[in-house]
Amino acid sequence: IAFESLRASTIKSSPSMAVSMAAKAMRAKGEQVIDLSLGEPDFDTPAHIVDAAVDAMKRGITRYTAPDGLPELREAIVRKFKRENGLDYAMDEISIGNGAKQILFNAFLGTLEPGDEVVVPAPYWVSYTDIVILHGGVPVIVPCGVEQAFKITPERLEAAITPKTRWFLFNSPSNPTGAIYTAAELKALGEVLARHPRVAIMSDEIYEHIVCADVPFTSFANACPELRDRTLLINGVSKAYAMTGWRLGYAAGPKALTKVLNKMQSQSTTCPSSITQVAAAAALNGPQDFVTTAVAEYKARGELVTRGFRAIPGLEVRAPEGAFYLFPKCAVHIGKTAPDGTVIENDTALAAYLLTEGKVATVPGAAFGVEPYIRLSFATSRDNLTLAIARIADALARLR
Ligand code: PLP
């Protein structure tokens, strides 16, 4: 019997997860695959955070919490916004979820009417469009290739907005491109949005701390304070504190909105794990030297891959300003033929070729809504990256 609902059939499983699974399967067969497909810090969670979690368990913080979390976590989040961003949010303007991903679920579940449009610049994080579709929304994708530094312009944003637009959803520093919007660029987008009072703004700032160029991170709320009443800032501990498996994301926005998110939370997972909440509070309140050390390493790796991939003929590489991804354009290689006679028809075929022939797992641009590109995550050791560069150079040189 068929189980899948019409609603479930409108979306696909996460493509980056699928590539990573394929790489794992090859590894299980004894192949030495380098996995550059997953956006996940390769460091361990800092010890003081782990200790806080163990301590929480021993103290009996093992029960349901309120849907919007333990007061100590919400206080830590409020303090984080004040300390790091100079932003004032009240305790009831905070929402939490099992990862930033669940915040997106809660937000769209709680706000979208069928057919409402969500403007999303592409390349976008793989899950955005599927989460919108799952909740009855219509993603309106605005292609922003390397030619425009992977960023949406005010003119293109204006052109994408219709009477049905409910949200503008974007991400800076960006997964998959590493692009960061400057304060001036955000302000210019804000001027467009100010003219459209029905449009709310979802600014995914989860890579806030992972900045590797001279472009400073600017929160959308700092650039456009006049839009505070319809801005939702999304953040989380996964990337900054190497806590992807702990599952804790958070958001700040007007109370009218966080109230809706918290209601969705209360009827789904109730709350993120109480233990994780204590750990996340320790991450936000505690020493930040882990972040500094990790970011210095990402910066060195970013420079290594930018240099390495720029030296490979036929790849157009924009140096990432943040996050831990490189997103080279690979147009020159599309249409070429592999040694076994297969034609590389698109970036999906190219990524498959790099996996089988080069033994390097990457994610094709198609997964992020633009082609032809490949995304390489540099959240892995410099040795792995050096080897991956050599393997990819070699595999590409074998295309005719
Ligand atoms: N937003 C972006 C842009 C991401 O890249 C990710 C993870 O890859 C997330 C959100 C989700 O993070 P989490 O659910 O682990 O908090």
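Where does proline 176 lie? Look in the loop between strand S5 (165–171) and helix H8 (183–194). Helices here are DSSP runs of H or I with at least four residues, strands are E runs of at least two, and both are numbered from the N terminus.

Before going on, a word on the model. It is predicted, so to speak of a local feature takes pLDDT of at least 70 and side-chain atom pairs count only at pLDDT 80 or more, while totals for chains, interfaces and linings use all residues. Residues are numbered from 1 along each chain as its sequence is written.

Where they meet, 37 residues of domain 1 are in contact with 35 residues of domain 2, contact meaning C-beta atoms, placed from the backbone, within 7 Å. On the domain 1 side, helix H2 (15–28), helix H12 (289–310) and strand S9 (325–326) each give two or more residues. H12 gives the most, with seven. By class, that side has 19 nonpolar, eight polar and ten charged residues. Nonpolar covers Ala, Val, Leu, Ile, Met, Phe, Trp, Tyr, Cys and Pro, charged covers Asp, Glu, Lys and Arg, and the others, Gly among them, are polar.

Now for the inside. The largest nonpolar core has 121 residues, and Phe168, Leu232 and Ala283 have the most contacts inside it. Because both domain 1 and domain 2 give residues to this core, it lies between them. A core of this kind is a set of buried Ala, Val, Leu, Ile, Met, Phe, Trp, Tyr and Cys residues joined through C-beta atoms within 7 Å. Buried means 20 or more other C-beta atoms within 10 Å of a residue's own, with C-beta atoms placed from the backbone; exposed means 12 or fewer, and partly exposed is in between. Setting aside neighbours within four places in sequence, leucine 232 contacts Ala107, Ala200, Ile201, Met202, Ala251, Gly253 and Leu257.

**A pair of crossing helices**

The axes of helix H5 (residues 100–111) and helix H10 (residues 255–266) come within 8 Å and cross at roughly 105°. That makes H5 roughly perpendicular to H10, the word used for angles of 65 to 115 degrees. Ile103, Asn106 and Ala107 are among the H5 residues making the contact, and Val260 and Leu261 are among those from H10. Its residues split into six nonpolar, four polar and one charged.

Most residues other than glycine have a negative phi, and most peptide bonds are trans. Here are some spots that go the other way:

| Spot | Feature | Value |
|---|---|---|
| Asparagine 175 to proline 176 | cis peptide bond | omega near 20° |
| Glutamate 371 to proline 372 | cis peptide bond | omega near -10° |
| Arginine 247 | positive phi | about 65° |
| Lysine 359 | positive phi | about 60° |

Proline 372 is in the loop between S11 and S12. Arginine 247 sits between strand S7 (231–236) and strand S8 (249–252), and with 20 C-beta neighbours inside 10 Å it counts as buried. Lysine 359 is in the loop between H13 and S10, and is buried, also with 20 other C-beta atoms within 10 Å.

Key. Domains from an automatic or database assignment. Contact = placed C-beta atoms within 7 Å. Axes fitted to C-alpha atoms, helices over the stretch in contact; angles between N-to-C directions. Parallel < 35°, antiparallel > 145°, perpendicular 65-115°, else oblique.
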